[in-house]
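Okay, thanks for making the time, everyone. Let me put the model up on the screen and then talk you through a few spots in it.

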Amino acid sequence: KDVSDYVTIGDYKGLTLDRYTQAVTDDDVDAEINYELQDKGTEVTDGTVEYGDIVTINFTGTVDGKEFDGSSADDYELVVGEGDMGIDGFEDGLVGMKKGETKELTLTLPEGYSEDDSLSGKEAVFKVTLQKFTRASELTDEWVASNTDYKTVDDYKKSVREELEKQASTTADNELYATAWSEVLDTSEIKKYPEEDVKKAEESYKALNEQTAKDNGMELSDLLEAWDLTEDEFNEECKNYAESKVEQNLIVQGIIDAEGLSLSDAETEELKNNLILDYGVASIDELIETYGEDEVNESLALLRVEKFIVDQSTVNEKTGSAEDSIENEDAYTEAEDTGSDLTEDDGSEETQDEMEENMSEESIEDNTVEE
């Protein structure tokens with residue numbers, strides 16, 4: 001089909017884009033290492049709980065002698081002192097406990113702890129049994145040599161920093177690609193939808209959700225009820241999804257045709273290899289088996305076009321995040337009267353958020369940029 005019959009494609013060459021890279025700080029490195037030290041900690045069998053220990057507890061809470069929603073759990077794991085329980089005094093009360101000990105804690109419930117608002121501010125008694133606890137290892141050359149591929153603490157810290165910087169760079173690239181696509185999408189205009197393509201996309205999306213329901217031992221109607229969706233609302237969602245997907249495919253195909261891009265060139269092969277790594281599969285065939293050939297090819301085509309758009313753009317390297325820039329916009333508005341000169345920059349990316357949501361439902365669909 002002639003894509004121009006259906007969509008007018010916005011400018012996609014000569015854009016000016018910002019690539020935001022988060023700086024890796026010493027605190028980031030320490031946090032990553034501390035996580036590993038905790039994860040590879042040692043169970044304490046003769047001693048008492050200290051702040052920073054990972055405890056596994058059973059607990060039951062009551063108000064006026066009655067249990068309430070969210071008041072009990074078995075084999076609950078938390079790091080003492082990090083505040084995950086959300087009740088003042090709960091974690092403090094675990095300090096000094098021994099393995100196997102049972103203790104009662106009388107505490108005040110904070111607002112919002114339970115779905116029952118009437119419990120906010122009430123006195124609750126929690127009966128807590130300490131199943132076990134582990135303590136983070138100490139960072140030494142010996143620990144590094146035993147638990148990593150490195151010999152010294154300095155070498156290990158250097159490797160952690162390099163890995164975090166690599167992750168930050170990958171995230172920056174992904175967000176840059178998503179922003180490039182969003183700019184083109186926002187300036188493109190759909191004339192009409194090819195009805196056959198929309199119908200096919202709707203059927204595919206419905207089939208995906210039906211399979212999701214089946215995988216969870218449910219009927220589609222049960223899944224819709226869990227999502228608080230009526231059948232009409234679901235059908236409208238399917239239609240909206242299908243139209244968005246078809247619009248995307250039309251723009252992608254239009255750019256591929258106009259620029260003579262190939263989906264079998266070296267650049268696409270590199271993107272394919274990245275996709276394999278992102279999804280942790282052995283080959284592209286495994287992705288095709290899971291998601292279908294059409295979905296995988298559409299994803300690769302989108303990635304190829306995004307790369308082309310970025311390659312044709314002027315990219316400004318910046319440190320921080322697009323969210324920082326949005327905060328600067330707010331500051332700019334407030335500071336106009338004082339003559340402050342702050343750069344405006346829109347880093348929002350709604351379409352990518354939608355892609356991430358699709359991914360959470362195990363659909364490759366149109367979101368392979370992220371990960």
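This is a predicted model: local features need pLDDT of at least 70, side-chain atom pairs count only at pLDDT 80 or more; totals for chains, interfaces and linings use all residues.

Residues are numbered from 1 along each chain as its sequence is written, and side-chain values use heavy atoms, with hydrogens and water left out.

Back to Val-315. Val-315 sits 297 residues from Asp-18 in sequence, yet the two are 5.5 Å apart in space, C-alpha to C-alpha. Contact, for me, is heavy atoms within 4.5 Å. Leaving aside neighbours within four places in sequence, Val-315 is in contact with Leu-17, Arg-19, Leu-176 and Val-310.

Glu-317 also has its place in strand S9. Glu-317 counts as exposed, because its relative accessibility is 54%. Which residues does Glu-317 contact, leaving aside neighbours within four places in sequence? Those are Arg-19 and Thr-21. Glu-317 and Leu-17 are 300 residues apart in sequence and 8.8 Å apart in space, again C-alpha to C-alpha.

Zooming out for a second. The protein chain comes to 12 helices and nine strands. Of its 371 residues, 40% count as buried. If you take contacts with a separation of 6 or more, 71% of them are accounted for by residues 24 or more positions apart.

Now the cores. A nonpolar core here is a set of buried Ala, Val, Leu, Ile, Met, Phe, Trp, Tyr and Cys residues joined through side-chain atoms within 4.5 Å. The largest one has 28 residues, and the members that touch the most others are Trp-181, Val-184, Ile-251, Val-252, Ile-255, Val-305 and Ile-309. Helices H4 (153-187), H5 (195-215), H7 (231-259) and H10 (293-311) each give two or more residues to this core. Which helix gives the largest share? That's H7, with seven residues.

Take Ile-255 from that list. Beyond its neighbours within four places in sequence, Ile-255 is in contact with Ile-9, Tyr-12, Val-184, Leu-261, Val-305, Phe-308 and Ile-309. There's also a second, separate core of 23 residues, including Met-85, Ile-87, Phe-90 and Met-97.

On to helix packing. Two packed helices are described by the angle between their axes and the distance between the axes. The axes are lines fitted to C-alpha atoms, for helices over the stretch in contact, and angles run from 0 to 180 degrees between N-to-C directions. The axes of H4 and H10 come within 9 Å and cross at roughly 90°. So H4 is roughly perpendicular to H10, given that angles under 35 degrees count as roughly parallel, over 145 as roughly antiparallel, 65 to 115 as roughly perpendicular and the rest as oblique. On the H4 side, the contact residues include Trp-181 and Val-184; on the H10 side, they include Val-305 and Ile-309.

H5 and H7 pack at an angle of about 125°, with their axes 8 Å apart. That makes H5 oblique to H7. Among the residues making this contact are Ala-201 and Tyr-205 of H5, plus Tyr-241 and Ala-242 of H7.

Last stop, the strands. Strand S4, residues 54-63, is mostly covered, with nine of its 10 residues buried. S4 and strand S5 (residues 66-79) pair in the antiparallel sense over eight bridges; strands pair if DSSP finds at least two bridges between them. Val-55 has Leu-78 as its bridge partner in S5. The hairpin of S4 and S5 has two residues between the strands, and Asp-64 there takes a positive phi near 55°. S4 also pairs in the antiparallel sense with strand S7 (residues 123-135), over nine bridges. In that pairing, Thr-56 has Lys-132 of S7 as its bridge partner.

Technical notes: Buried means under 20% relative accessible area, exposed over 50%, partly exposed in between (1.4 Å probe, protein chains only). Helices (H or I, at least four residues) and strands (E, at least two) are DSSP runs, numbered from the N terminus.
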